[in-house]
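Me: I would like to learn how to read the side-chain features of a protein model, one feature at a time. Could you take me through them slowly?

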Amino acid sequence: MLKIFNLTLKINGFPMKEAKAELQRIIAIPEENFEHFIEQKKAEIVNFHLKNNPFYAALAQTDSFKNWSDLPILNKTNLQKPLAERLSLGYNEKSVYLNKTSGSSGHPFVFAKNKFCHALTWASNIYRFGWFGIDFNSSYQARFYGIPLDFIGNKKERFKDFLSHRYRFSIFNLSDEVLESFLKDFKTKKFDYINGYTSSIVLFAKFLQKKNIILKEICPTLKVCMVTSEMLFEEDKLLLEKQFGIPIVNEYGASELDLIAFQNPDGEWQVNSETLFVEILDENNQAVPNGTSGRIVITSLFNKAHPFIRYDLGDIGILDEKSTLKKPILKQLIGRTNDVAILPSGKKSPGLTFYYVTKSIIEDDGNVKEFVIKQMKINAFEVEYVSDSELNEEQIEKINKAVSLYLEPNLLFTFNRKTTLERSNRGKLKQFTSFL
């Protein structure tokens with residue numbers, strides 16, 4: 001079979017052969033030598049950017065690297081300036097891989113990777129998807145992602161889908177009629193795997209549940225489903241496993257970095273230690289013990305075109321106590337640091353706590369398909385939901401009681417039934433938003 005995917009990367013100047021060899025060399029490093037490898041790569045990338053990147057040198061306010069903990073935390077606000085001012089010497093916008101973050105954090109920006117670094121990202125993807133028998137050259141992907149709606153952007157994305165052997169389901173309209181058309185495609189196309197945004201895939205699973213259909217039975221070629229970009233709750237994972245009849249793999253990544261964590265065949269959320277160095281830090285930028293929550297701060301060990309050194313991703317997570325330097329395990333991803341509800345008592349609560357407490361009640365009867373919560377005032381919240389019928393008084397009372405119990409009393413909730421929920425231009429659904 002012609003390996004179109006590999007050929008496309010090669011034509012675009014990504015040195016895949018060298019990247020795959022480098023990745024395998026890193027994977028082969030024994031645990032006892034891995035600390036030396038990590039410390040060496042950290043020193044190399046910091047010294048490179050101090051010497052070759054005026055933007056980073058000004059931020060670090062030093063010309064020599066001594067203590068890792070003295071290095072500044074890079075945040076998305078720092079990056080709100082033209083890319084030309086952030087590129088390293090010797091690189092320009094034509095010689096690098098360019099892309100833009102989704103902006104789901106509220107701070108979108110253009111970023112760059114040198115071509116070897118981006119080739120390593122692809123090598124890492126190929127390696128991890130290979131754990132589940134997926135080959136990007138031959139495996140057919142059912143893709144649940146947004147797509148540009150303008151003519152040229154749409155055609156470019158469709159062409160990329162063709163080259164990457166994937167079929168895209170547009171997720172901006174997820175009515176039952178549209179989901180029925182998705183089902184017809186699964187009956188006629190030999191998909192090997194599903195990949196895409198969690199909320200859209202969960203909605204499709206709920207549609208299948210209502211029709212009492214197991215996806216694997218009508219599409220026997222399906223092997224696995226990878227969900228990404230949005231939180232995967234345990235009960236949703238169980239629903240997906242039941243309705244799809246295949247393993248569900250949780251993926252956590254950032255376009256400006258790499259795959260950050262990918263569930264391995266043993267069910268562990270294994271952190272990418274080959275191309276990234278992941279820290280969990282407290283509010284004073286000190287590393288917390290494994291098992292403790294903190295801000296996820298990441299260093300890209302191979303990106304010479306643009307510094308991502310101690311880069312605060314804006315997420316909160318916990319590394320498992322059994323993590324090692326070579327094999328860190330992400331125990332839990334809690335949510336974004338900016339998705340925090342501030343309550344009248346002064347208490348701060350992750351927005352996903354609201355979402356989770358409400359979810360446990362609102363989805364009990366299978367009537368509500370999906371919903372989001374918006375904090376409008378310090379004591380006032382709005383729940384927008386899609387369902388076949390209005391929520392009843394009993395459900396609303398249950399939600400109010402649960403919120404009083406788990407968060408605090410006297411919070412005001414209004415409930416607005418919608419035909420569809422607003423998604424980002426890429427198709428992401430933001431479960432909690434604060435307008436304070």
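Reply: We will go through cores, a surface patch, cysteines and salt bridges in turn. This is a predicted model, in which local features need pLDDT of at least 70 and side-chain atom pairs count only at pLDDT 80 or more, while totals for chains, interfaces and linings use all residues. Residues are numbered from 1 along each chain as its sequence is written, and side-chain values use heavy atoms, with hydrogens and water left out.

Me: Which residues touch the most other members of the largest nonpolar core?

Reply: In soluble globular proteins, nonpolar side chains tend to be buried together. A nonpolar core is a set of buried Ala, Val, Leu, Ile, Met, Phe, Trp, Tyr and Cys residues joined through side-chain atoms within 4.5 Å, where buried means under 20% relative accessible area, exposed over 50%, and partly exposed in between (1.4 Å probe, protein chains only). Here the largest core has 87 residues, and those touching the most other members are Met-226, Tyr-252, Leu-257, Phe-354 and Phe-381. Apart from it lies another core, of 33 residues, which includes Tyr-140, Tyr-197, Val-202 and Leu-222.

Me: What does Leu-257 touch?

Reply: Contact means heavy atoms within 4.5 Å. Not counting residues up to four places away in sequence, Leu-257 touches Lys-113, Thr-121, Leu-276, Ile-298, Ser-300, Phe-308, Tyr-311 and Leu-313.

Me: Which residues form a nonpolar patch on the surface?

Reply: Patches are made of residues with over 30% relative accessible area and no salt bridge, with like charges joined within 9 Å and nonpolar side chains (Val, Leu, Ile, Met, Phe, Trp, Tyr) within 5 Å; accessible areas come from the Shrake-Rupley method with a 1.4 Å probe, and for residues only the protein chains shown count as cover. In this model Ile-342, Ile-378 and Leu-436 form such a patch, with about 260 Å² of accessible area together. Ile-378 is partly exposed, at a relative accessible area of 40%, and it lies in the loop between strand 16 (368–377) and strand 17 (380–387). Helices (H or I, at least four residues) and strands (E, at least two) are DSSP runs, numbered from the N terminus.

Me: How many disulfides does the count come to?

Reply: A disulfide is a covalent bond between the sulfur atoms of two cysteines, and the rule used here asks for a pair of cysteine sulfur atoms within 2.5 Å. By this rule the count is zero. Cys-225 is in no disulfide, since the nearest cysteine sulfur, that of Cys-219, is 12 Å away, and Cys-225 counts as buried, at 0% relative accessibility.

Me: What separates Lys-42 and Glu-39?

Reply: Lys-42 and Glu-39 also form a salt bridge, with the closest N and O atoms 3.1 Å apart. Because they are three residues apart in helix 3 (residues 31–52), about one helical turn separates them. Lys-42 counts as buried, at 5% relative accessibility, whereas Glu-39 counts as partly exposed, at 38%.

Methods: Salt bridge = Lys/Arg side-chain N within 4 Å of Asp/Glu carboxyl O.
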